[in-house]
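My plan is to look up a few spots and write down what I find.

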Amino acid sequence: MNSNRMPLPDESGEPSGGEAGAPRAPREPVGLTGRQRLVAGLWPPRITRAQLTVAVLLFVLGLGLAIQVRSTNDDSTLRGARQEDLVRILDELDDRNQRLEDEKQRLEAQRTELENSSDRAEEARKQTQQKEQQLGILAGTVAAQGPGITLTIEDSSGAVEPDMLLDAIQELRAAGAEAIQVNEHRVVAGSYFTGAGGDIEVDGNRIAAPYIFKVIGKPQDLEPALNIPGGVVQTLEKEQAIATVVRSEKIIVDSLRPAERPDYARSSAQ
């Protein structure tokens, strides 16, 4: 009898012979389309620990970059400014530096005059009178006139708040304003604004719209300071107020404040 028998097929219909324990190739399901076989091969996903770590690191890096870009954009207050606005801002900074330099030279010239004057007592007296006039203007006890601007704020809806008027004062002072009058009230270093929209007081005195600022200083510095992007004029316009700035070669600030004697401070000069 011939001992070479053909191997019997197993349940799958294939011969069961071959080497014992040899792995058999995986069988594809019968009757599946190409798309179904592709989905079956990709799902469920087989993710290794290394791939998961890299994915987490990339996510954290992307999130950090997004936060940084957003923070940079939010902090840029001039990102929407036009080129001519940026040039005007730079010119204003140059003008402020020039004013400080001029003041330095003026003080140095006064010192030289005192040192070289043949009659130092008379020169000192003259400079003292000039300084008294200057301090009187700053303190509001002396009337003043000179070039400057007139800022008129129309507020028919009562939306203008006291802090908006105070911001205007601060911008004008930073631009070199030497004397300021709001309506009929002199504004000095110690002035304050209180109240609410439509009911504003300056140093305890009520003022009503329109608010008229008479300002003495260099018009070429004062007007741009109010019109910079995001400045006083744009802020007022957002509140439906109308702000108008007019330059003038002669502004008169004639509202006066009484001279107040300090209760405790005394001059230390001997």
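**Entry 1: Asn183.** I started with the contacts of Asn183. Leaving aside neighbours within four places in sequence, I found Asn183 in contact with Ile207, Ala208, Pro210, Tyr211 and Ile212. I note here that the model is a predicted one. Next I asked where Asn183 sits. I found Asn183 in the loop between β2 (179-182) and β3 (185-187). Is Asn183 buried or exposed? Its relative accessible area is 17%. The cut-off for buried is under 20%, so Asn183 counts as buried. I also checked the backbone. Phi of Asn183 is near 55°, which is positive although the residue is not glycine.

**Entry 2: Pro210.** One of the contacts of Asn183 is Pro210, and I followed that lead. I placed Pro210 in the loop between β6 (205-207) and β7 (211-216). Then I looked at the peptide bond from Ala209 to Pro210. That bond is cis, with omega near 0°.

**Entry 3: Glu154.** Pro210 turned up again when I listed the contacts of Glu154. Beyond neighbours within four places in sequence, Glu154 touches Pro210, Ala241 and Ile242. Glu154 belongs to strand β1. I checked how far Glu154 is from Ile242. They are 88 residues apart in sequence, yet their C-alpha atoms are 5.0 Å apart in space. How exposed is Glu154? I read a relative accessible area of 39% for Glu154. Buried needs under 20% and exposed needs over 50%, so Glu154 is partly exposed.

**Entry 4: Gln240.** I looked for another positive phi and found one at Gln240. Its phi is near 65°, and Gln240 is not a glycine. Gln240 lies in the loop between α7 (232-238) and β8 (242-253). With a relative accessible area of 62%, Gln240 is exposed, because the cut-off for exposed is over 50%.

**Entry 5: helix α6 and what covers it.** I turned to the helices. Which residues of α6 are buried? I listed Pro219, Asp221, Leu222, Pro224, Ala225 and Leu226. An α-helix has 3.6 residues a turn, so residues three or four places apart point the same way. I then looked up the cover. The elements over the buried residues of α6 include α3, β1 (144-154), α5 (162-174), β7, α7 and β8.

**Entry 6: α3 against α6.** I took α3 (residues 83-116) and α6 (residues 219-227). Their axes come within 10 Å and cross at roughly 140°. That angle makes α3 oblique to α6. The crossing of α3 and α6 is left-handed. Which residues meet there? From α3 I noted Arg88, Glu92, Asp95 and Arg99, and from α6 Asp221, Pro224, Ala225 and Asn227. By class, I count this contact as 2 nonpolar, 1 polar and 5 charged residues.

**Entry 7: α5 against α6.** I repeated the check for α5. The axes of α5 and α6 are 9 Å apart, and the helices pack at an angle of about 140°. α5 and α6 are therefore oblique to each other. Here α5 passes α6 in a right-handed crossing. Ala168, Glu171 and Leu172 in α5 meet Leu222, Ala225 and Leu226 in α6. The contact of α5 with α6 has 5 nonpolar residues, no polar ones and 1 charged. I see Ala225 in the α3 list and in the α5 list.

**Entry 8: the whole chain.** I stepped back to the chain totals. I read off 7 helices and 8 strands. How much of the chain is buried? Of its 270 residues, 24% count as buried. The chain exposes about 19800 Å², and carbon and sulfur atoms supply 54% of that area. Among contacts with a separation of 6 or more, 74% join residues 24 or more positions apart.

Notes:
Residues are numbered from 1 along each chain as its sequence is written. This is a predicted model: local features need pLDDT of at least 70, side-chain atom pairs count only at pLDDT 80 or more; totals for chains, interfaces and linings use all residues. Side-chain values use heavy atoms; hydrogens and water are left out. Helices (H or I, at least four residues) and strands (E, at least two) are DSSP runs, numbered from the N terminus. Buried means under 20% relative accessible area, exposed over 50%, partly exposed in between (1.4 Å probe, protein chains only). Contact means heavy atoms within 4.5 Å. Accessible areas come from the Shrake-Rupley method with a 1.4 Å probe; for residues, only the protein chains shown count as cover. Axes are lines fitted to C-alpha atoms, for helices over the stretch in contact, and angles run from 0 to 180 degrees between N-to-C directions. Angles under 35 degrees count as roughly parallel, over 145 as roughly antiparallel, 65 to 115 as roughly perpendicular and the rest as oblique. A crossing is left-handed if the near helix is turned anticlockwise from the far one by less than a right angle, and right-handed if clockwise. Ala, Val, Leu, Ile, Met, Phe, Trp, Tyr, Cys and Pro count as nonpolar, Asp, Glu, Lys and Arg as charged, and the others, Gly among them, as polar.
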